[in-house]
Amino acid sequence: IYCLSAMHIFVSSGAFSGVKSLDQLIPICNSHDIFNIELASGLKADEDYVDSLKINDKLNFLLHNYFPAPSRPFVLNLADSDSDNRNRSITFVENALKVCSVCDIPFYSVHAGFVANMVPEDLGRPERQKFDISQSQYDQSLSLFSQSIGKLSQLATKLGVKLLIENNVHAVPGSRISHLLLSTTNDIFKFCEHHCHENVGFLLDVAHLKVSSTHLGFDAYAAIECLAPWISALHLSDNDGRRDSNDLCRKDSWFWAPINQHCSKSVVPILESYRL
């Protein structure tokens, strides 16, 4: 198994079927001796949730992407051509970084931006994401995303929190140019080369990588080797290569060998299998 010991494995809140809020989650973790939790997209929390994190000396937390889920849903997109939504997204991440600083959480992870202007109902539904994207649209979104990360990395540095970027999952067959940023090895490598330094790193989702490699035609094994220097954390789940289903990892899952061979032992493994 890839980790120094079981104490180092984090579990995504998505693993807890039917649990919709932080108040429900914490007692379940306490009762089952699950010590390390990633609070992930969609989980709700009360306004005073920061106090719940600060006073809990038994559990270790990470914050990921769209947590806590706001009462008025929106698409968290740091590359949005709609400046209002992009600024709202930046503010959301700024608040998450501040919470991490207050609660002694070492990093916050966020998904790479989207080229397409999506609505909340599009997320997680590839059949609704058949966008025709031009190279100029992609380049413009990448520029906006880079600007957002540059701004956020300054705040992260000031707060002493690391900012991690997660690769997107491209699950739409037949696309010439992805409607999602950082889905291919080449794009991730170029971005990391320019933006990943001491305070900005990369969260590799191996399941996203597998699906994207199927639909965009690149080598997922070679990608892990290529991106390893920037990887600070891993989202671990498996799938059939066509859809990001967040299935349980297996002993024969494809990613163990390249991870063990190329990734640092300081990388944080996060089990992101759902509905366990």
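A crossing of two helices is left-handed if the near helix is turned anticlockwise from the far one by less than a right angle, and right-handed if clockwise. Helices (H or I, at least four residues) and strands (E, at least two) are DSSP runs, numbered from the N terminus. The model here is predicted, with local features needing pLDDT of at least 70 and side-chain atom pairs counting only at pLDDT 80 or more, while totals for chains, interfaces and linings use all residues. Residues are numbered from 1 along each chain as its sequence is written, and side-chain values use heavy atoms, leaving out hydrogens and water.

Let's start with the barrel. Eight strands, in the order S1-S2-S3-S4-S5-S6-S7-S8, close it with parallel pairing (two strands pair if DSSP finds at least two bridges between them). S1 (residues 10-12) and S2 (residues 36-39) are joined in the parallel sense by two bridges, and Val11 stands opposite Ile37 in S2.

Now for the helices. H4 (residues 135-159) passes H5 (residues 185-195) in a right-handed crossing. Their axes, lines fitted to C-alpha atoms over the stretch in contact, with angles from 0 to 180 degrees between N-to-C directions, come within 12 Å and cross at roughly 35 degrees.

Thr185, Ile188 and Phe189 in H5 touch Ala223, Cys226 and Leu227 in H7.

Definitions and conventions:
Contact = heavy atoms within 4.5 Å.
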